[in-house]
Amino acid sequence: MTPRVAVVQFPGSNDDRDAVWALKALGADASLLWHAEHELPERTGAVVLPGGFSYGDYLRCGAIARFAPVMDAITHFAKAGGLVLGICNGFQILCEAGLLPGVLQPNASLSFICRDVSLRVERNDSPFTSRCAPGQRLVIPIKHHDGAWFAPPELLEELESRGQILLRYEDNPNGAVGDVAAVTNEAGNVMGLMPHPEHAVDPLLGSGDGALILASLLDVARDSARVAVA
């Protein structure tokens, strides 16, 4: 069964259509969902919050988007076990909304960074990394100014003990605490990452490693859709 994925479109989103294209290329029924909607489409199997500059990042990144009407529906969806993936600005929004731990701060260099980075997979018993192997190296691009994930030492220790750190930078580009590139909520059904997997689904673009992340998500969404129909 084709999994249905809603890609949320905020004012200032600029990777929304890229995310839809990548998900469709991997076999999803993906479509844009305007931020002012109050409900998710029927039979939504996963939600993706894409990268961009929602509301121009006029306050903290994601601080305005967290109040969008659609976020109430996404919060209920996530708390019910629904799969939610936040990419770059989407990661920032999920942290601002309290759906993910920690915060995203300006890069240590205080400059915008746009380049490929090497990531290490910490776990593969997750809906977002099931197609990977523990310790596998992934090459996926980043493009952000406020991408340094931060959590105080005691929280980082808790997250590590619960296995909520899924991806780490091999060569930390932004000063993220613990080299963290991707983190999940405690239930494991919500993940945020700063790298852009939607820009790494075709080897012709330099890497196809992002497809492993998105296809893992779709595998679980597809299985959930089959169970719902049955």
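Contact here means heavy atoms within 4.5 Å. Keep that cut-off in mind for these exercises on a predicted model.

**Exercise 1. Find which residues L49 touches, leaving out those up to four places away in sequence.**

Step 1: Start at L49 and look for contacts beyond its sequence neighbours. V8 and F10 are among them, and so are M71 and I74.
Step 2: Carry on to V84, L85, G86, I87, G90, I93 and L94, which also touch L49.
Step 3: The largest nonpolar core has 71 residues, and L49, I74, W149 and L167 touch the most other members.

**Exercise 2. Work out how the buried residues of helix 1 are arranged around its axis.**

Step 1: Helix 1 covers residues 16-25, and its buried residues are D16, A19, V20, A22 and L23.
Step 2: Look down the axis: these buried residues fall within an arc of 165°, so they line one face of helix 1.
Step 3: An α-helix has 3.6 residues a turn, so residues three or four places apart point the same way.
Step 4: Now turn to the face away from the buried side, where you will find the exposed residues R17 and A25.
Step 5: Finish at G27, which follows helix 1 and has a positive phi, near 100°.

**Exercise 3. Decide whether Y55 and C88 are buried or partly exposed.**

Step 1: Locate Y55 in the loop between strand 3 (46-49) and helix 2 (69-79). Y55 is not a glycine, yet its phi is positive, about 55°.
Step 2: Buried means under 20% relative accessible area, and exposed means over 50%. Y55 has 24%, so Y55 is partly exposed.
Step 3: Locate C88 in the loop between strand 4 (83-87) and helix 3 (89-96). C88 also has a positive phi, near 55°, in a residue other than glycine.
Step 4: The relative accessible area of C88 is 5%, so C88 is buried.

**Exercise 4. Describe the surroundings of T184.**

Step 1: T184 sits in strand 10 (residues 180-184).
Step 2: With a relative accessible area of 3%, T184 is buried.
Step 3: Leaving out residues up to four places away in sequence, T184 touches L100, P101, Q164, L166, V190 and M191.

**Exercise 5. Check the radius of gyration of the protein chain against that of a compact globule.**

Step 1: For 230 residues, a compact globule would have a radius of gyration near 17 Å.
Step 2: The protein chain has 16 Å, so the two agree.

Definitions and conventions: Residues numbered from 1 in each chain as written. Predicted model: local features only at pLDDT ≥ 70, side-chain atom pairs only at ≥ 80, totals over all residues. Heavy atoms only, no water. Buried < 20%, exposed > 50% of the residue type's maximum accessible area, 1.4 Å probe, protein only. Helix = DSSP H or I, 4+ residues; strand = E, 2+ residues; numbered from the N terminus. Arc of directions from axis to C-beta. Core = buried A, V, L, I, M, F, W, Y, C linked by side-chain atoms within 4.5 Å. Rg over C-alpha atoms; globule rule 2.2 N^0.38 Å.
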